[in-house]
Amino acid sequence: MPQNTIVRFVKRPQGFVDENSFAIESAPMPQPADGQILLRNFYHSLDPYMRPRMTEMDSYIAPFEVGQVMEGGGLGVVVESRHPDYTPGDVVRGMLQWAEYQAATPGAMMRTLEPGRVPWRHYLGVLGSASLTAYVGLKLIGEPKAGETLYVSAASGAVGSIAAQIGKIRGCRVVGSAGTDDKVAWLKGELGLDAAFNYRTVTSMDAAIAQHCPEGIDIDFENVGGETLQAVLDHIRPHGRIVMCGAISEYNEPGPGLERIFRIVSHKVRMQGFIVSEHFDQMHAFVAEIAEWLRDGRIKYRETVVEGIENMPRALVGLFRGENFGKLIAKVGDEPN
Ligand SMILES: NC(=O)c1ccc[n+]([C@@H]2O[C@H](COP(=O)([O-])OP(=O)(O)OC[C@H]3O[C@@H](n4cnc5c(N)ncnc54)[C@H](OP(=O)(O)O)[C@@H]3O)[C@@H](O)[C@H]2O)c1
């Protein structure tokens with residue numbers, strides 16, 4: 001009998017999340033019921049939103065319940081099917097358990113993927129929801145125009161790196177920040193950003209933004225929140241747009257709160273949040289554009305792939321310390337042939 005390893009959420013973290021919130025367990029091999037499929041999962045996406053889901057906060061998605069098996073976006077191959085629409089060998093993307101094997105009830109979130117088009121993990125990476133987030137946020141809220149200044153925080157990450165490059169494609173002057181010199185070098189070199197800085201080593205966010213965005217910021221693609229967002233607000237231009245994509249600096253500890261928010265009024269700023277899952281109708285347009293940009297080399301991407309289901313908790317914690325470079329993915333089993 002194959003072994004089945006699972007990761008359970010066992011404790012709501014207080015403050016900075018650590019591995020004690022998770023337990024790695026051996027579990028019996030699941031048996032699919034009528035209408036279900038047995039999946040062997042092989043890739044999992046690790047994402048910042050999982051930290052707010054560990055609290056009881058009222059949000060767009062239900063909190064993780066203490067004791068449940070962790071879940072998130074993943075890829076699995078059908079081993080056995082008791083569902084008319086699925087056949088053994090099909091590869092699906094869906095909201096999957098942090099488990100090597102699971103019995104799943106296919107729902108609206110589950111999609112069968114076509115083999116051979118791109119490496120499987122790209123469906124969680126450059127063709128996945130993080131890239132779609134960048135595309136949608138910039139298109140629907142940022143509305144970039146050539147010549148405008150776009151600032152992207154967490155710019156070397158899964159969402160940020162794509163937002164920054166789409167900004168370049170749209171003709172913006174793009175400035176990014178990240179937490180290591182290697183990441184900053186990649187942003188300026190490989191991605192061709194107009195400027196980039198290490199937010200950990202600057203004297204202040206305010207001074208860094210003043211230096212690198214001397215004309216101010218027209219569009220902020222906000223991934224970090226806290227002091228970063230405060231500095232943006234102090235340098236936003238009239239009719240600026242703040243694309244509220246995330247606030248990762250506030251997921252473990254509450255942020256300091258914003259000051260001088262009258263600037264939103266005086267500078268007629270639009271600041272809007274969004275959640276990518278409400279915009280899956282943009283998938284077709286996104287895939288058409290990004291496929292072309294990938295073909296002609298205008299979009300580049302990085303992935304950090306962690307091996308082994310037992311390493312997923314540590315990798316997720318590392319996301320909040322900047323240990324990933326690009327999209328963070330866990331490989332928990334062999335890719336299907
Ligand atoms: N609205 C939506 O639908 C949606 C969908 C997906 C993601 N998001 C948001 O988009 C943002 C980026 O997500 P992602 O999946 O692309 O992750 P990511 O950027 O690939 O990884 C997270 C990165 O955030 C940076 N970071 C972590 N803690 C930080 C802190 N305290 N201050 C500043 N930077 C910090 C780290 O990079 P450094 O080395 O640069 O510090 C880390 O590598 C997150 O805020 C996430 O919640 C929103």
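How many helices and strands are there in the protein? There are 9 helices and 15 strands, counted as DSSP runs (helices are H or I with at least four residues, strands are E with at least two) and numbered from the N terminus. This is a predicted model, where local features need pLDDT of at least 70, side-chain atom pairs count only at pLDDT 80 or more, and totals for chains, interfaces and linings use all residues. Residues are numbered from 1 along each chain as its sequence is written, and side-chain values use heavy atoms, leaving out hydrogens and water.

**Overall shape**
- The C-alpha trace spans about 65 × 45 × 35 Å along its principal axes.
- Buried residues (under 20% relative accessible area, with a 1.4 Å probe and protein chains only) make up 53% of the 337 residues.

**Contacts across the chain**
- Take the contacts (heavy atoms within 4.5 Å) between residues at least 6 apart in sequence: 68% of them join residues at least 24 apart.

**Aromatic rings**
- Rings of Phe, Tyr and Trp (its six-membered ring) pair if their centres lie within 6.5 Å; planes under 30 degrees apart count as stacked, over 60 as edge-to-face and the rest as tilted.
- By this rule the protein has 9 aromatic pairs.
- One of them joins phenylalanine 9 and phenylalanine 64, a tilted pair with 5.9 Å centre to centre and 50° between the planes.
- These partners are 55 residues apart: phenylalanine 9 sits in strand E1 (residues 4-9), and phenylalanine 64 in the loop between helix H1 (50-53) and strand E4 (71-81).
- Phenylalanine 9 and phenylalanine 64 are both buried.
- Phe9, Phe22, Phe64 and Trp98 make up one aromatic cluster.

Technical notes. Buried < 20%, exposed > 50% of the residue type's maximum accessible area, 1.4 Å probe, protein only.
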